[in-house]
Amino acid sequence: METAIKKVLLVKYGEVSLRKGNRTHYEQQIMSTIREKLKDMASIRVSREQGRFLIENTQGDLDVQVAYKKIKYIFGIAGFCACIKTSAREINDLQRIALDFFRDAVTGAKSFKVITKRSDKTYPLQSQEISAQIGEYILDATPTIKVDVHNPEIVLWVEIRNHVYFYVNSFSGVGGLPYGASGKGVLLLSGGIDSPVAGYLSARRGVELYPLYFHSPPYVSERVIDKVRDISSLLSKYTGRIELSVVPFTDVQLFLQEHVHEEKLTIFLKRAMLRIASMYLEKQKAHCLIIGDSIGQVASQTMHSIAAVESASPYPLIRPLSVMDKQQIIDIAREIGTFDISIRPYNDCCTLFVAKHPENKPNATIIDKIEARLEEELAPLLQKAMDETQSEVF
């Protein structure tokens, strides 16, 4: 028989609840991910509970902290509530349960209030009536505390659903949409600060990531690829399994360095990367390319440069950072944990081959014409790089 009162975790899924036609599909995706993350915990049940997900141990109390740590990075989850769950329904029973829970959960507070959410509209009392009766009962039994409806130290939440839940502690989730719900994207991943953030923000909007790194030995240290591996591993904390592919880019870079004026080299290198990434996109049946451009941050990210690069790929280019300044990007990198990896002192291929005075207002038409003259020799090099690309899973 089910325990009358036990510790559980309620999961809020925020934005997903607004998705109407896709809501059920998204809910199933999130529940499936939760179950996968908790599969090594015994007797766990994950179910829907009137606008929430309910995680419980069928044999008794859930180890809430352990479960929370395993699922706190799942995209699509807005928040978590560490609750007690009860099958009791009578207000007299709920008053007693609320008081016992409040005494266990709260120490030293001088003021409180009760807020009730009544999702079960068949319950005979209104939300304000439930809050008033439970609050009055706690107040009468606890003379050291007072009610403060405007600025309380503690809020006791009561949720009337299929069962009744009490909680004072809640935790924020990462939000967004379920991972993979918005299709697939090829992430042009470097060892720098920007591209991992672009990947994270895209994944948070439901894009399944396929990171692609361009490696140029012996001009680039193997320490750089270690950075990229560590970044990929960290991103997998949010995405689950992630496949990093490494493109051998040295021959392409040396060819372009020999045949293109120095001030235009960065533009041609980015175009070559986009062309290879487009081949990889087709191989993975993905839908877009994701890059870490921030408008005006460097010469290769002026509006003229962006226009000169775009025609290299027929596929949509997603730029999640396009209107962010550097500090905003750094703040997110710190938050998600990639910043300390990205600032390790090893430069990637773009940094080493950049011109001292790159052109910041290239003419897209001229760039296309120059590349067309190189196409006979360049195209086989791009294809060779694609063919020799190797992947590893994190």
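Helix 5 (residues 194-204) and helix 6 (residues 222-239) pack with their axes 11 Å apart, at an angle of about 15°. That angle makes helix 5 roughly parallel to helix 6; angles under 35 degrees count as roughly parallel, over 145 as roughly antiparallel, 65 to 115 as roughly perpendicular and the rest as oblique. Axes are lines fitted to C-alpha atoms, for helices over the stretch in contact, and angles run from 0 to 180 degrees between N-to-C directions. Helices (H or I, at least four residues) and strands (E, at least two) are DSSP runs numbered from the N terminus.

This is a predicted model, in which local features need pLDDT of at least 70 and side-chain atom pairs count only at pLDDT 80 or more, while totals for chains, interfaces and linings use all residues. Residues are numbered from 1 along each chain as its sequence is written, and side-chain values use heavy atoms, with hydrogens and water left out.

On the helix 5 side, Pro196, Tyr200 and Ala203 meet Ile231, Leu235, Tyr238 and Thr239 of helix 6, where contact means heavy atoms within 4.5 Å. Six of the residues in this contact of helix 5 with helix 6 are nonpolar, one is polar and none is charged. Here Ala, Val, Leu, Ile, Met, Phe, Trp, Tyr, Cys and Pro count as nonpolar, Asp, Glu, Lys and Arg as charged, and the others, Gly among them, as polar.

Helix 6 also contributes to a pocket. Helix 6, helix 1 (23-37) and strand 10 (208-215) each supply at least two residues of the lining of the second largest pocket. Helix 1 gives the largest share, six residues. The volume of this second largest pocket is about 410 Å³. Of its 22 lining residues, Thr33, Tyr179, Thr239, Gly240 and Arg241 are the closest to the centre. The lining of the second largest pocket comprises 10 nonpolar, six polar and six charged residues. A pocket is an open set of points on a 1 Å grid over the protein atoms alone, where a 1.4 Å probe fits, with protein on both sides within 12 Å along at least five of seven lines; lining residues have an atom within 4 Å of a point. Grid points are joined across faces, edges and corners, and a volume is the space filled by probe spheres set on the points.

Val252, Gln253, Leu256 and Gln257 of helix 7 make the contact with Leu265, Phe268, Leu269 and Ala272 of helix 8.

Helix 8 also packs on helix 9 (residues 303-310), their axes coming within 9 Å and crossing at roughly 40°. Helix 8 and helix 9 are therefore oblique to each other. Ile267, Lys270, Arg271 and Leu274 of helix 8 touch Ser305, Ala308 and Val309 of helix 9.

Two backbone features remain. Pro217 and Pro218 are joined by a cis peptide bond, with omega about 5°. Pro218 sits in the loop between strand 10 and helix 6. Gln50, not a glycine, has a positive phi of about 45°.
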